[in-house]
Each structure stands twice: as structure tokens, then as C-alpha cells.
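User: I have a structure open and I'm new to this. Can you walk me through it?
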Amino acid sequence: RGNNKTRDIVIRRELRIYPGERFDGDKIRKSKERLYNLGFFEDILFDTEPTENPDTMNLVVTVKESKTGEFSFGGGYSSIDQLIGFVAITQKNFDILNFPSFMGGGQKLNLRADIGMVRNNFSIGWSDPWIFGFPYLFGFDAYRTSHNKDTDVGWPYNEVRTGFDARLGKEFTDNFRGDLIYRLENIEIGDIVDNASQDLKDEEGTKIISSLAVELTYDTRDNIYNPTKGYIVAGSVENAGGFLLGDKTYVKGTGTAACYFSFFNILVLELKARGGLSNAYGDTSEVPIYERFFAGGANTIRGYKERRVGPRDPGSDEPIGGEAIAIGNAELTFPVYEKLIKGAVFYDVGNVWRRAEEFMVGGNYKSGAGVGVRVKTPIGPVKLDYGYPLERHEDESEWGELYFSMSHGF
């Protein structure tokens, strides 16, 4: 009841209790979590009503639909992208066959354009978690992204990517899923800094990447948007080139694990680990720079400049990334002003290694610690972090780094 826009089948397929079964509180709770994670409803109630049979009750699912479509535009600033403007159309409950409203089928549609001082992105994406009524996800993305040369954030060259990806996914259990992703991409590298070494200059030019990736995810989080307990473990293996053709051949594997703990119903501790290995093969002697791992900055190791942790180019001293990465993060968040302001304390550690075999030896880890504030505002969330480097490189500030970002989603 209450689903004026959403089709009944979209709700029913998320339920984990079925007609004829005994009442089960655990299955009810799991059903409610899955419905909330759709992002279509702001309130969900489960109730029972009697039938003619005293041993049988009707289960009534009442939902209050939220706004699932959004047209937004505006601007923001971050320490990585500097000034940037955007315009976006998003529908989380799209239905390509439901003319003229195109709503209620549980599909997702995204159209977005970002135009800024250093980055310009254009993309369109669509996915259906139950393609043709079968429990398989199918989706695609088409995009064009460009990043201008900016040595302040570790980009010693211009980069333009134009590509397409298609994905097929399947939920094997309530918590375990697998995805198969094919990517075809044209990548252009140009305007490399003048004092770069020959190794970096060899990256200049246009290349075609054709790759296929397999990704497995196990997720027990109570809420995918704002988790307070549970964990998520994900791993992927990607092969580029070889039987898939393309100009580069390499293999890349990545893994992520995050655990969430809640204390006193107000504190949330996130422990997160990330790792990755890559290696070129065949006619490709080096993993291309645009497929290597980078670390340092707001999203990896705070306290350091963007992409500045790891190997440097011997000619220009600019970051060139590596074939291996390991990152660990611990962050504790707490409310400062209910539902509006959160505080955070964090510790980050990790490194990037030039060669995959160096990962086994390890060493030379960089770490940073600091504090942060997250503010929910009418124009979007504001995130401010201050990180201090515990192992300082000669070009790192002895006062640490301040990271500021403002965007339109919370």
C-alpha cells in the first residue's frame, strides 16, 4: 500500500518472507532493510490484518514514497578539482517502458555533466536490477572525461578518456553478488611536463583499452547509504588486451574490506583496507600510467598532497604511480549537531610501490592523522578534513594539508 508510482513487483521481489510461510521476525527485518536500500521510500511499515482463518494473517507492507527523480545544477569546490559546475538528471526508480511518466520500474538513469577548471566530465548511465523480469542486473555507461595538466594535484599531463562499459550482475544470496563488466575506452595522453623523463614521455599518445573484469561482493551493512554496523568485502580481477584485443595488455586485481561498529548509538567507527596488484604481459612492458595506482590526498592518505605518495618520475619529480598499493583507514564519526553536523577523527596509512613484487616486501609506509567536520546544508554536504603527515616528504608541508569539498549529494 502507498506505492502510487512504484510497481508492486518492485517491492515484492525485495521481500524475504513469502505467502504460506510462518511469521519470521528476522525475515521481516531483512525485507525492510532491502526496501530502504532501494532509496525509493522514506518510510516503510509492516503490519498484519486478520483473515477468516484464525491461524493465518495477511501481511501488509505500507510504504511512503520519496522523490526519486532529481534535476540539479550548481557548483562546488574541492582541493582536487578546484572550482567546478554541474548539471545532472537522476531517476532512481526509472521505467523505460512506462510512457509518459517513465517511473516505477526500479531502473536507474543518470545523465550528468561536470565543467570545471581542471576537469570536464559527461556521462549517461542506465541499469535494470531485474532485466526482462529475470533476477539479473544489466546496465551500461557511456562517458567522456578530461583532466587538464595540474602539477599541484599530481597530474603532469592532460588526459582524455572516451568510453563505454556494459555490466551483467547476479545476486546469489541476500549478501553475496557477482558482476561481469566489459570496458572499451580510448585514452589520450598529451602535454606532458617539459622536464619529464623519457619513460613518462613514452606514455604520450592515444591508446585503446579493451578489458573484462569479474567482481565479487559480500555485503552485510545495515544501510548502504549510512552504515552503522556490518561489513563489506569486495574483490575484482580485470584483464585488458589479449583475446580482448586493444593496444595494452595487463592484469589488475583489487580488494576492499570495510567494517562498521556503533557505540552508544552515536559513535560510528569505520575500519577500511584496500589493496591492489597489476602487471603487464605480452607486448606491453609497463602498466600504462593511467591504469596504475596512486595514493595521497583526501580519499587515500590524508596529510599528503594529492597522488604524492609513491614513485616519482626521476626527471620531473612528478608522481607516476605504481603496480601495487595498500591503504588502511580508521575513522570515528560522532554527532555535533543532530542530523546536521558530524565530527570525525581519523588515521590513514599506506603506500604505492613501483613494481608488484615490491608489495610482498612492503615497507616505506606513509601515515597521517587528523580531524574533520561534515556539514549537511541545503545546497549540499560540506566536508572539511585536516590531516597531518606522520612521515614527511621534503615537498610536504610541515603543517599538514587541509581538504575541503562541497557537493550536491549527502
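User: Before that, what kind of model is it, and how are residues numbered?
Analyst: It is a predicted model, where local features need pLDDT of at least 70 and side-chain atom pairs count only at pLDDT 80 or more, while totals for chains, interfaces and linings use all residues. Residues are numbered from 1 along each chain as its sequence is written, and side-chain values use heavy atoms, with hydrogens and water left out.

User: OK, surface. Which residues form the nonpolar patch?
Analyst: V345, Y347, V371, V373, L384, Y386, Y388, L390, W399 and L402. Together they have about 940 Å² of accessible area. That area comes from the Shrake-Rupley method with a 1.4 Å probe, and for residues only the protein chains shown count as cover. Patches are made of residues with over 30% relative accessible area and no salt bridge; like charges are joined within 9 Å, and nonpolar side chains (Val, Leu, Ile, Met, Phe, Trp, Tyr) within 5 Å.

User: Which elements give two or more residues to it?
Analyst: β15 (341–353), β16 (366–377) and β17 (380–389). The largest share, three residues, comes from β17. Helices (H or I, at least four residues) and strands (E, at least two) are DSSP runs, numbered from the N terminus.

User: Take Y386. Why does it count as partly exposed?
Analyst: Because its relative accessibility is 32%. Buried means under 20% relative accessible area, exposed means over 50%, and partly exposed is in between (1.4 Å probe, protein chains only). Y386 sits in strand β17.

User: Now inside. Which residues of the largest nonpolar core touch the most other members?
Analyst: Y157, I189, I192, L200, I209, I289 and Y290, out of 18 residues in that core. A second, separate core has 10 residues, including V10, L35, L38 and V61. A nonpolar core is a set of buried Ala, Val, Leu, Ile, Met, Phe, Trp, Tyr and Cys residues joined through side-chain atoms within 4.5 Å.

User: And what is I189 in contact with?
Analyst: Y157, N158, E159, E203, E204, G205 and Y290, leaving aside neighbours within four places in sequence. Contact means heavy atoms within 4.5 Å.

User: Is D348 buried or exposed?
Analyst: D348 is buried, because its relative accessible area is 0%. D348 lies in strand β15.

User: What does its side chain make a polar contact with?
Analyst: The side chain of R302, at 2.8 Å. A polar contact is a pair of N or O atoms within 3.5 Å; within protein, one must be able to donate a hydrogen and the other to accept it, and residues adjacent in sequence count only if both atoms are side-chain atoms. Not counting residues up to four places away in sequence, D348 also touches others, among them T300, G328, N329 and K366.

User: Switching to G372. Buried or exposed?
Analyst: Buried, with a relative accessible area of 8%. G372 lies in strand β16. Beyond four places in sequence, the contacts of G372 include F346, L384 and D385.

User: Salt bridges next. How many are there in the whole structure?
Analyst: A search finds 33. A salt bridge is a side-chain nitrogen of Lys or Arg within 4 Å of a carboxyl oxygen of Asp or Glu.

User: Where do R29 and D26 lie?
Analyst: Both are in helix α2 (residues 25–38), three residues apart, about one turn of the helix.

User: Which residues are linked in a network of salt bridges?
Analyst: E159, R161, R183, E185, E238, K252 and E291.

User: Last topic, the backbone. Which residues does a cis peptide bond join?
Analyst: F99 and P100, with omega about 5°. P100 is in the loop between β4 (82–94) and β5 (107–116).

User: And what is phi of D191 near?
Analyst: Near 55°, a positive value in a residue other than glycine. D191 is in the loop between β9 (176–190) and α3 (198–201). K339 also has a positive phi, near 65°. K339 is exposed, because its relative accessible area is 71%.
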